[in-house]
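Biologist: Hello! I am new to this structure, and I would like to know what stands behind each label you use. Could you show it to me and take me through it?

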Amino acid sequence: MLQLKAPLVDLNSFVFRGKTSVPLEDPSALDSTDKKQLRMVGVDVESTRAGTFLQFDHAPVHCSSARAGVEVLGIQQALERYAGLREYFWRAIDPQADEFTQAAFQEPLHGGYYIRVHPGVRVTEPVQTCLFIKGDGVGQNVHNIVVVEEGAEVHIITGCATAHGVNSALHLGISEFYIKRGAKLTFTMVHQWGKEVAVRPRTVGIVEENGVFLSNYVLLKEVRSVQSYPTIFLNGPGAVARFNSVIVAPKGSHVDTGNRIVLAAPGTRGEIVSRTITIGGTIVARGEIIGDAVPSRGHLECKGLILGEGGIIHAIPELRGTRPGVELSHEAAVGKIAQEAIEYLMARGLDEEEATATIVRGFLNVEIMGLPQELRESIDATIATLDSADAM
Amino acid sequence: MLRIENLHVRVGGKEVLRGIHLVIEEGETFILFGPNGSGKTTLLMTLMGFSGYEVTEGRILFKGEDITHLPTYERARRGIGMSFQRPPTIHGLSTRSLVQLCARGRAVDVEALARRVHFEHFLDRDINAGFSGGEIKRSELLQLMAQEPSLVLFDEPESGVDLENMALIGRTVRALLDKTIDPSPEMSMRDLRRRNTTSGLIITHTGYILDYVNADRGQVLYQGVLCCDTRPTRPRDILDHISKYGYKECIRCFN
């Protein structure tokens, strides 16, 4: 079981100071390789967005909002302007939770975003944020806060990536989400890291009465190690949370990730769906739904495919009910592509590679995330390269 | 169109087909009868080139070309199409997308084709997910209409189909074989006839399908060999004999 433990990360081997870039008034002035890298993770500095936040290494370089009622600020700026954000800053997450949360608390804070959507404001275009690591050996420590006020609605796309040529880096990220009464947050995160990058995000969200939290997580490329376990508390009656994750682990990747939903009020519902593929990497696919109130319903589904040799998928779905009347269920499966399915498609004229790609695309089922077209296309393109290069 | 010469096939180490000779001409529909386990499905699977069906002797010619060892998709691209009896479910692949894939880049009006088999409400469902017997048949026919094969292999088109659906399926099979799926108005009857080059190989137990298609010839497959190949045989007569006397009697009679 030893290889299932996440690789050790030595905090001392990363640089936590001094990597700041000059502010970027016009993000479309970025050079084309960076732009391309950002587009791959859903961040498009040339298309219409309700707001944009960009951070390079140790400092924010750009924040802008194109919509009234949408605030996009760097976290330090927001802490100054709003007297330390006492209601929100380190309120959902305990600084002592674990080694990396402690480190995030102690190391110098490099930035991160504060996004607040004012009551009743429904934003149709997404707000995009990007946490970009450009320097080799950089340790990045960010803190993000999202507040969606009563009756407001927003889709935030967060792209996390390393620049071309960055080998090793560490990303620590604290994210706290506050979804007020009747508000809805769709949070899409696309990760594209480098070979030796370690990632330790710590995320907690609190959803009030009739609030909705939808999360999409996409990780398709190689990374040394990701370890994360976002937790959502459905504290208000009628609140809903749904997580969709699509994870591919090539050789050399260790991905230990899952989602937890706490059904803490009557009438709450939670769903966790993950699709994982290993192509030689290790995936620990976790998930936990805790039913502490009635009525409440939760369903957890983790499905994994092992392609090629050497990969491991360890699915750990957990359910905990503490009241009579909770309804919790889960299904988990780890398997391979059925030869029968490949031959069925081959009988329609698809060659083996096309058939495999079609089945893998269907399995990952990115469609259900309802992403903007250009992001979906970029994800489809990435999936297509996976198939031909590594899958079979 | 199709010529099978002395075909021997092993499945799981056991010889299932023991020297099949069969010719199906252009535009001809051939009916294959036979009891369970006689090797009918094996013959279709071998023609399609699936794994696990090992040709130990003989060969298969399609439009004059030896396809005995071609991969499945090459056979499909050359014009062989098959209707599956128990197709697999593929999650996340909509019926619409698969029908589109069957057309291999040709423009097809998926909605219009789907309406022909009353399947337009299934287009966004994952392919074969929870489909009933009749729905599977309609989905298979829809895919074949988009694929436009010149030889269609049907494995029991009537199995699991209720009477109401049987008429629809029968008519669609007929249209597929007659190439009247998409008759364009500007085409003369002569052109239409010239287009009529689709051949069929149909396995049937019940013979219901004979009410709908113009079946030219038929034979009985029994213990891995085709019987009654000495004279042209009408599928109706074979069916009558089978229902009256059973397979053993039928073989004695026709030999």
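Modeller: Gladly. Let us begin with Glu354(A), which forms a salt bridge with Arg104(B), their closest N and O atoms being 3.5 Å apart. Please keep in mind that this is a predicted model, where local features need pLDDT of at least 70 and side-chain atom pairs count only at pLDDT 80 or more, while totals for chains, interfaces and linings use all residues. Residues are numbered from 1 along each chain as its sequence is written, chains are lettered from A and ligands numbered from 1 in the order in which they are written, and side-chain values use heavy atoms, with hydrogens and water left out.

Biologist: Why is the pair of Glu354(A) and Arg104(B) called a salt bridge?

Modeller: The term asks for a side-chain nitrogen of Lys or Arg within 4 Å of a carboxyl oxygen of Asp or Glu. Here an Arg and a Glu have their closest N and O atoms 3.5 Å apart, so the pair qualifies. Glu140(B) and Arg348(A) also form a salt bridge, with 2.6 Å between the closest N and O atoms. This pair crosses between chains, from helix α5 (residues 133-147) of chain B to the loop between α4 and α5 of chain A. Helices and strands here are DSSP runs numbered from the N terminus (helices H or I, at least four residues; strands E, at least two).

Biologist: What is the largest pocket lined by, and why is it called a pocket and not a cavity?

Modeller: On a 1 Å grid over the protein atoms alone, a cavity is a set of points where a 1.4 Å probe fits but cannot get out, whereas a pocket is an open set with protein on both sides within 12 Å along at least five of seven lines. The largest pocket is therefore an open set. Its lining has 15 residues, with Arg361(A), Glu367(A), Gly92(B), Leu93(B) and Ser97(B) nearest its centre; a lining residue has an atom within 4 Å of a point. α5 (352-364) and α6 (373-391) of chain A, together with β7 (90-94) and α3 (95-102) of chain B, each give two or more residues to this lining. The volume of the largest pocket is about 490 Å³, a volume being the space filled by probe spheres set on the points, which are joined across faces, edges and corners.

Biologist: And what about the cavities?

Modeller: There are 2 cavities of 30 Å³ or more. The largest cavity has a volume of about 330 Å³, and among its 33 lining residues Met189(A), Thr203(A), Tyr217(A), Ser228(A) and Pro230(A) are closest to its centre. About 60 Å³ of space lies in the second largest cavity, whose lining includes Met40(A), His191(A) and Lys221(A).
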